Amino acid sequence: MHLKSSTAFSIELLLLLLAFILSLLSGPSGPIGGQGYTADIIWDLRAPRAFLAVLVGGALALAGVIMQAIFRNPLVDPYILGTSSGSALFAAMVAPSPLEPFFAFIGGISATMAVYAIAWRERIETLLLVGLAVGTLLSALLSLLLFVRLSAFSSMLFWLFGGLSLATWQKSFFLVVVLVISVLLVFPFAMELDSLLLGEEKSQHLGVDVRKLRFFMLLVACMITSFSVSVAGIIGFVGLMVPHMCRRIVGPKHRVLVPFSVLAGGVFLLLADVAARMLLIPNELPIGIITSLCGAPFFIYLVWRQRNVKH
Amino acid sequence: MKLSVCLISLFLVLPVVGDGHGEVVMDDYGREISLQSIPQRIVSIAPSVTEIIFAIGAGDKLVGVDSESDFPAEANDIKKVGTYISPSLEMIVVLKPDLLVVSDLTPLQVVNAIEERGIKVFVVAPERIEEIAESMRKLGVILGVKDKAEAAARDFEERAAAVEKKAALAREKPKVYLEFFPYWTFGPGSFGSDLIEKAGGLNIGKKLKSPYAEVSNEFVISENPDIIIITQGKHASTTISSVKERPGWSSINAVRNSRLYYIDDDIISRPGPRMADALEELYSILH
Amino acid sequence: MLSIDGVRFFFDVEADREVLKGISFDARSGELISILGPNGSGKTTLLRCISATLKPKIGGVYIDGASVHAMKSKDVAKRFAFVEQSSALGYDLSVMDVVMLGRLPHIKRFSLPSEEDNRAVERSLEVVGIDALGKRSFDELSGGEKQKVLIALAIAQSTKILLLDEPTAHLDIKAQIEVMELLRKLCNEGKIVLMATHSVSFASYFSDRILLLMDGEQIAFGPPEEVIKEELIRKTFGVGLSIAREMRKDGKKRGRVHVICGGGTGASLLEKLYDFEISAGVVNLFDSDHEKVVELGAEIAEEQPFVPISEEAFKKNMELIKKADFVIVTGFPVGYGNMRNIEAAIEACKMGKKVLMLGRCEDFTNGKAGIEELERKSSIFLREKELLSFLYSM
């Protein structure tokens with residue numbers, strides 16, 4: 001049975017607050033940043049970083065919710081469908097440049113549409129395989145780019161592993177705008193997305209233009225993914241895990257699931273970032289490694305469970 | 001009393017300030033850096049940079065180094081600020097440095113993020129051995145240790161020139177295979193390759209397409225090097241005996257004549273003062 | 001009034017094969033019309049053309065004179081509610097939420113469901129008689145309950161016309177009759193109900209008029225007494241009326257059939273044996289035949305995937321064979337793993353059971369399986385239709 005949404009949101013907001021405070025208090029220079037630096041450290045470094053974690057986590061979770069709804073499968077997310085890799089490759093090609101987010105968007109949308117065009121009529125396994133193949137191909141191209149432009153080698157590593165260490169208030173501001181717009185774009189279609197749960201045909205018979213809905217929603221998902229990649233690099237599996245757990249807690253109705261997942265994505269990435277900062281102090285782990293360490297086993301568990309439910 | 005102390009210290013500092021004050025130095029990314037005064041708190045985010053700073057006598061000004069900086073031994077006692085790929089901005093900011101020195105190993109995004117926080121960044125990224133001395137001189141100017149830096153740079157150049165001179169006189173140039181990771185070698189444009197050439201050898205890796213490249217068994221066997229050198233250090237664990245046992249390698253000249261040697265990983269991969277040591281050591285191996 | 005006027009349709013990938021060859025009929029308020037025909041006769045395609053999911057190549061569909069295909073999809077959804085054949089998973093949506101989706105065409109994009117929407121949902125749960133299920137998870141319901149929820153959804157859609165594609169497939173006999181009586185009730189309230197079915201008896205029992213369809217051709221349209229005639233049914237279904245009118249009102253079965261199958265060879269046949277009590281064996285888990293048997297809720301002798309038939313499974317199979325009146329062997333490929341199925345069939349012959357073979361089994365055991373012996377002892381039918389008419393004539 002699902003939690004009442006008022007209860008669920010209260011608990012979630014409390015968790016978000018706690019995680020945020022934890023994040024503000026975590027750093028290699030101690031909980032309050034050493035003598036005399038507290039304000040600077042917390043305001044200039046930890047706060048923008050914590051905000052960015054919430055926003056990137058929320059963005060990836062939202063992209064995951066959308067993709068899982070339109071593909072009617074809980075196993076997809078922007079990382080698995082190659083959106084993230086496409087965004088990273090294109091952003092890295094022009095980096096450093098103010099056009100990074102724009103190119104990330106072009107790359108993300110191209111990769112996703114390619115996967116979609118090849119596999120949307122096929123079984124979901126095919127979609128996943130094609131997505132993974134395209135994602136791997138793009139990551140390989142990114143690695144190739146690293147070798148070709150050796151001088152920029154280390155700059156490009158940033159895209160491959162992702163990280164929030166370079167958070168600034170400007171980046172947070174940029175992403176908050178993108179995220180709010182995306183949520184506002186998705187929200188009016190919540191019921192349409194619900195109807196897809198009963199199948200494409202049912203949706204159509206309920207007056208939903210499924211093709212348009214899919215295309216439009218995919219566009220939104222690509223937009224938030226690629227903009228979050230452009231500020232934080234590739235961070236995998238957030239969009240897979242978070243919506244799935246949220247569906248368990250508040251049910252599959254998108255009117256509740258969308259905002260709940262966005263907040264939960266924020267909580268998750270805040271905690272992952274604290275781990276990335278604190279595990280090997282003062283060295284920082286790439287946050288993508290932390291999320292993949294949680295996400296990949298989760299993915300395997302989901303596949304295993306799906307198979308057992310079927311038979 | 002207090003005032004007089006201030007005045008005295010001002011007098012003491014003034015001549016030193018005059019030395020570096022207002023000087024504009026171009027770093028290796030072509031950016032012009034000028035400092036109001038001589039930096040007293042430096043953070044280095046590359047082992048090579050740390051070595052140079054110590055070599056030119058400014059090691060006492062280092063308040064933070066990256067976690068790979070382990071030479072000279074004093075570097076180990078300095079506060080660590082994370083890896084050179086992703087240093088902790090927070091640690092850097094807390095140390096309140098007036099100058100950060102990085103190499104080209106640190107991502108540009110990180111460099112920009114540090115500068116955005118009002119910390120000057122100087123990039124030291126020599127691409128050839130000759131440029132290491134130049135880097136020492138530039139850092140000498142900016143750190144206010146011009147004379148000591150000049151001496152260190154000259155010493156470096158002289159030692160390198162001496163080796164080159166001897167190498168030029170050598171009757172033959174042995175073919176060398178230098179491995180820093182199983183089956184990975186230095187290609188054209190790398191320091192490792194330069195070092196071999198300057199020490200009077202022929203680097204078989206020079207035929208490859210990229211500065212750091214993986215090679216096949218076949219490549220090494222058909223190139224038939226006279227000498228095989230294996231790096232040793234934190235990141236290298238290959239041993240001479242395991243190399244001898246690689247399939248088909250028993251026919252290689254170097255293995256037949258037992259001319260396999262170790263060399264310290266750090267001295268041939270860090271573009272710092274110890275590259276002169278590397279040159280001398282390579283020369284003695286080669287000839 | 002709904003009128004279908006000369007609808008012709010083909011899929012663009014197979015432009016030379018017309019799926020609908022000119023269908024014309026009309027339906028008045030309060031009528032229940034069955035579209036009757038065997039599988040593949042074009043029933044579903046016709047429903048989709050009517051609901052504007054597909055656009056006829058020639059001809060049109062009109063509601064009170066207005067062409068359905070010129071309407072916006074949302075307006076169509078306010079006029080037609082469609083109960084599809086397959087009931088997809090709802091990912092844990094509650095019954096109430098599923099039925100609320102029926103209000104989708106009526107709820108404005110930027111607003112929440114209104115009081116009226118809530119009332120419509122409650123009312124339709126009541127009409128279908130599932131108000132007690134409201135809070136339950138859709139995925140956990142039985143097939144019959146799910147079907148009722150989907151009908152409730154369609155009712156909540158508040159449309160004049162209800163289209164149903166095989167609404168009683170996969171339901172047990174009690175649920176079948178309940179669903180049909182519900183549809184009858186809705187007609188009495190003034191709705192038009194169009195139902196695709198392959199069940200002659202349902203069509204003749206419950207509909208006001210019947211459209212008889214074969215290979216996309218309209219064979220007949222009219223009240224049951226005009227359409228359900230020996231020669232028309234024989235022409236359409238290839239079997240006589242006595243066989244086709246298979247349903248008995250008391251729900252009693254014609255007898256018990258055991259199907260020895262595997263590799264997906266039995267699924268299609270199993271589906272058509274609804275008038276018999278069925279069992280099957282030995283089938284490996286994950287085989288599509290296994291899935292079908294489980295779906296039909298029949299007794300089964302099963303074995304782990306990719307494992308040869310064990311003694312235990314073989315014994316279970318023999319028990320089921322003993323209970324059966326007929327044993328059918330579908331033409332599955334025989335290898336060393338499943339050759340004991342042939343042995344079981346031969347045993348069945350020896351017991352004096354009537355063994356029917358559907359097609360020939362391909363032999364991968366160099367004759368060790370004894371397929372030849374089985375073929376000598378059993379009756380072989382090459383086509384499903386022949387086998388079925390034989391069964392129904394017994």
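**Figure 1. Chain B holds 12 helices and 12 strands.** Helices (H or I, at least four residues) and strands (E, at least two) are DSSP runs, numbered from the N terminus. This is a predicted model: local features need pLDDT of at least 70, side-chain atom pairs count only at pLDDT 80 or more, and totals for chains, interfaces and linings use all residues. Residues are numbered from 1 along each chain as its sequence is written, and chains are lettered from A and ligands numbered from 1 in the order in which they are written. The C-alpha trace of chain B spans about 80 × 40 × 30 Å along its principal axes. Chain B has 287 residues, and 46% of them count as buried. Buried means 20 or more other C-beta atoms within 10 Å of the residue's own; exposed means 12 or fewer, and partly exposed lies in between, with C-beta atoms placed from the backbone. Among the contacts in chain B with a separation of 6 or more, 59% join residues 24 or more positions apart. Two residues are in contact if their C-beta atoms, placed from the backbone, lie within 7 Å.

**Figure 2. Chain B is split into domain 1 (2-154) and domain 2 (170-286).** The bounds come from an automatic or database domain assignment. The C-alpha centres of the two domains of chain B lie 33 Å apart. Across the boundary, 11 residues of domain 1 of chain B are in contact with 10 residues of domain 2 of chain B. Helix α2 (residues 47-55) of chain B gives the largest share of the domain 1 side, 5 residues. By class, that side has 8 nonpolar, 1 polar and 2 charged residues. Ala, Val, Leu, Ile, Met, Phe, Trp, Tyr, Cys and Pro count as nonpolar, Asp, Glu, Lys and Arg as charged, and the others, Gly among them, as polar.

**Figure 3. Chains A and B have the most contacts among the 2 pairs of chains that touch.** Their contact takes 25 residues from chain A and 25 residues from chain B. On the side of chain A, α2 (38-70) and α6 (153-161) each supply at least two residues. That side has 11 nonpolar, 11 polar and 3 charged residues.

**Figure 4. Chain A also touches chain C, with 19 residues of chain A in contact with 23 residues of chain C.** Helices α8 (190-196) and α9 (200-205) of chain A each supply at least two residues of the chain A side. Of the chain A side, α9(A) gives the most, with 4 residues. The residues on this side divide into 6 nonpolar, 7 polar and 6 charged. No contact joins chain B and chain C; their closest C-alpha atoms lie 42 Å apart.

**Figure 5. Helix α3 (residues 83-94) of chain A packs on helix α4 (residues 100-119) of chain A.** The angle is about 140°, and the axes are 7 Å apart. Axes are lines fitted to C-alpha atoms, for helices over the stretch in contact, and angles run from 0 to 180 degrees between N-to-C directions. That angle makes α3(A) oblique to α4(A). Angles under 35 degrees count as roughly parallel, over 145 as roughly antiparallel, 65 to 115 as roughly perpendicular and the rest as oblique. Residues in the contact include A:L89 and A:F90 of α3(A), and A:F103 and A:I106 of α4(A). By class, this contact has 9 nonpolar, 8 polar and 1 charged residues.

**Figure 6. C:A369 sits in the loop between β15 (354-358) and α15 (371-377) of chain C.** C:A369 is buried, with 22 other C-beta atoms within 10 Å. Not counting residues up to four places away in sequence, C:A369 touches C:V334, C:M339, C:I342 and C:D363. C:A369 and C:N338 are 31 residues apart in sequence; C-alpha to C-alpha, they are 8.9 Å apart in space.
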